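Subject: Handover of a structure and the findings on it

Dear colleague,

Please find below the structure that I am passing on to you. The findings follow after it.

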Amino acid sequence: MTEEYWSDFWRDQGRKSRGETAQQRVLRTTNRTTVSEDVWLRTVEHVCEQMDLSAGDRVLDVCAGNGLFSAEFADRGAEVLAVDVSQDLLDDVPLTEDGSIHTLCSDMRALEFPKDRFTHIFFYAAIQYLTQGEAAQLLRRCYDWLTPGGTLLIGDIPDLDRFWSFYNTPERRALYFAGLEEGRDVIGTWYDRHWYAYLGEEIGFETTKVMDQPDYQIYAHFRFDVVMRK
C-alpha cells in the first residue's frame, strides 16, 4: 500500500459522495445501513463525557470529515478546529455565526501547532489510516499541543484481538485475503490495546485509559477507545 492510499481514498470519497446524507458521506454505516439517529446521539454524549468537554475548551478535531462531531462540540461551547484531507467534506462543515468552528484542509501527518494550543484533541475512526510509526509520531506531537491537564481521545480503533470478529463471514474473509495480496487492508492498521497503554506511558501522559465501546455503538464488536490525559 502506498503512503498516500488513504489520503487519496478520502479525497475521492469526498468528491463522489456529494449529495448523500451526512453520515453516508463519512461512511458511518454497518452492512451498508447508516447509523441511526438514536445511536449517533448516544455516541456523541458518550464521547463528550469521556472528553470531559465544557464551554470555552479549544478542540482539535483530526480527520473531522464533514464536521459531525465538530458541530456537536461547538454546540457545547467549545472552539473547534476541524481538520481533514478532503476539502469536499470540509465544505459541508456547518460553520457557526460566532466563528467557533474553523477548518483546515491538511493531511494529519503534516500538522504543526504551537505548544499548549488545545485543551482537547480528538481522533475518531481515523488512527487506522496511519502506520504504527506514523501514529506514534503524531501522538507525541499531540502531547506537546495539549495544555497541561488536556485530553486526547482516540476513538473507534480497530482491535487486533478481535480481527476475526470483523472478518466474520466467508465474503468478508475473501475480501481480506484479496486485499492482503494487494498489500492493503480494508480497515487499515489494527492495533493491540497494550500498544496504546505503553505508548501513552512512554510519551509522558499522566493517565492512559483503554476502554471497550458501549454495546450500542455500531462497531463495538471490533473496536475500542483510548483516553489519554496530560
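Which residues of helix α9 (residues 193-203) are buried? They are R193, W195, Y196, L199, G200 and I203. These residues lie on the same side of α9, because the arc that they cover around the axis is only 155 degrees. Y198 and E201, on the other side of α9, are exposed. The cover over the buried residues of α9 includes the helix α6 (132-145). It also includes β7 (146-158), β8 (207-212) and β9 (223-229).

Please bear in mind throughout that this is a predicted model.

Helix α1 consists of 12 residues. From its first C-alpha to its last, α1 reaches 16 Å, close to the 16 Å expected at 1.5 Å a residue. Its buried residues are W6, S7, W10, Q13 and G14. Their arc around the axis is only 130 degrees, which puts them on the same side of α1. The elements against which the buried residues of α1 pack are α2 (22-25) and α5 (87-90).

Helix α4 is largely enclosed by the rest of the structure, because 7 of its 8 residues are buried. The buried residues in α4 are L68, F69, S70, A71, E72, F73 and A74. Among the elements that cover them are α2, α3 (37-51) and β3 (58-62). The strands β4, β5 (101-105) and β6 are also included in that cover. After α4 comes G77, with a positive phi near 95 degrees.

The largest pocket

The largest pocket has a volume of about 1,300 Å³. Several elements give two or more residues to its lining, namely α1 (5-16), β1 (29-30), α4 (68-75), β4 (79-84), β6 (118-124) and α8 (170-181). Of these, α1 gives the most to the lining, with 5 residues. In total, 49 residues line the largest pocket, and those that lie nearest its centre are F9, W10, L27, Y129 and V186. W10 is also one of the buried residues of α1. By type, the lining of the largest pocket holds 27 nonpolar, 10 polar and 12 charged residues.

The largest cavity

How many cavities of 30 Å³ or more does a search of the whole structure find? The search finds 1. The space in the largest cavity is about 110 Å³. Its lining is formed by R28, V35, V39, W40, T43, F69, Y124, D156, Q213, Q217, I218 and Y219. With 3 residues, α3 gives the most to this lining. The lining of the largest cavity comprises 7 nonpolar, 3 polar and 2 charged residues. F69, which lines the largest cavity, is one of the buried residues in α4.

Individual residues

Two residues deserve mention for their backbone angles. Most residues other than glycine have a negative phi. L27, however, has a positive phi of about 60 degrees although it is not a glycine. L27 lies in the loop between α2 and β1. Is L27 buried or partly exposed? Its relative accessible area is 35%, so L27 is partly exposed. As noted for the largest pocket, L27 is among the residues that lie nearest the centre.

D156 is likewise a residue other than glycine with a positive phi, in this case near 65 degrees. D156 is found in strand β7. Its relative accessibility is 2%, so D156 counts as buried. D156 is also one of the residues that line the largest cavity.

A further residue to look at is D57, in the loop between α3 and β3. Why does D57 count as buried? Its relative accessibility is 11%, and buried means under 20% relative accessible area. Leaving aside residues up to four places away in sequence, D57 touches D52, G77, A78, E79, T119 and H120. Among these is G77, the residue with positive phi that follows α4. Between D57 and R141 there are 84 residues in sequence and 19 Å in space, C-alpha to C-alpha.

With kind regards

Terms used. Residues are numbered from 1 along each chain as its sequence is written. This is a predicted model: local features need pLDDT of at least 70, side-chain atom pairs count only at pLDDT 80 or more; totals for chains, interfaces and linings use all residues. Side-chain values use heavy atoms; hydrogens and water are left out. On a 1 Å grid over the protein atoms alone, a cavity is a set of points where a 1.4 Å probe fits but cannot get out, and a pocket is an open set with protein on both sides within 12 Å along at least five of seven lines; lining residues have an atom within 4 Å of a point. Grid points are joined across faces, edges and corners, and a volume is the space filled by probe spheres set on the points. Helices (H or I, at least four residues) and strands (E, at least two) are DSSP runs, numbered from the N terminus. Ala, Val, Leu, Ile, Met, Phe, Trp, Tyr, Cys and Pro count as nonpolar, Asp, Glu, Lys and Arg as charged, and the others, Gly among them, as polar. The expected span of a helix is 1.5 Å times one less than its number of residues. Buried means under 20% relative accessible area, exposed over 50%, partly exposed in between (1.4 Å probe, protein chains only). The arc is that of the directions from the helix axis to the C-beta atoms. Contact means heavy atoms within 4.5 Å.
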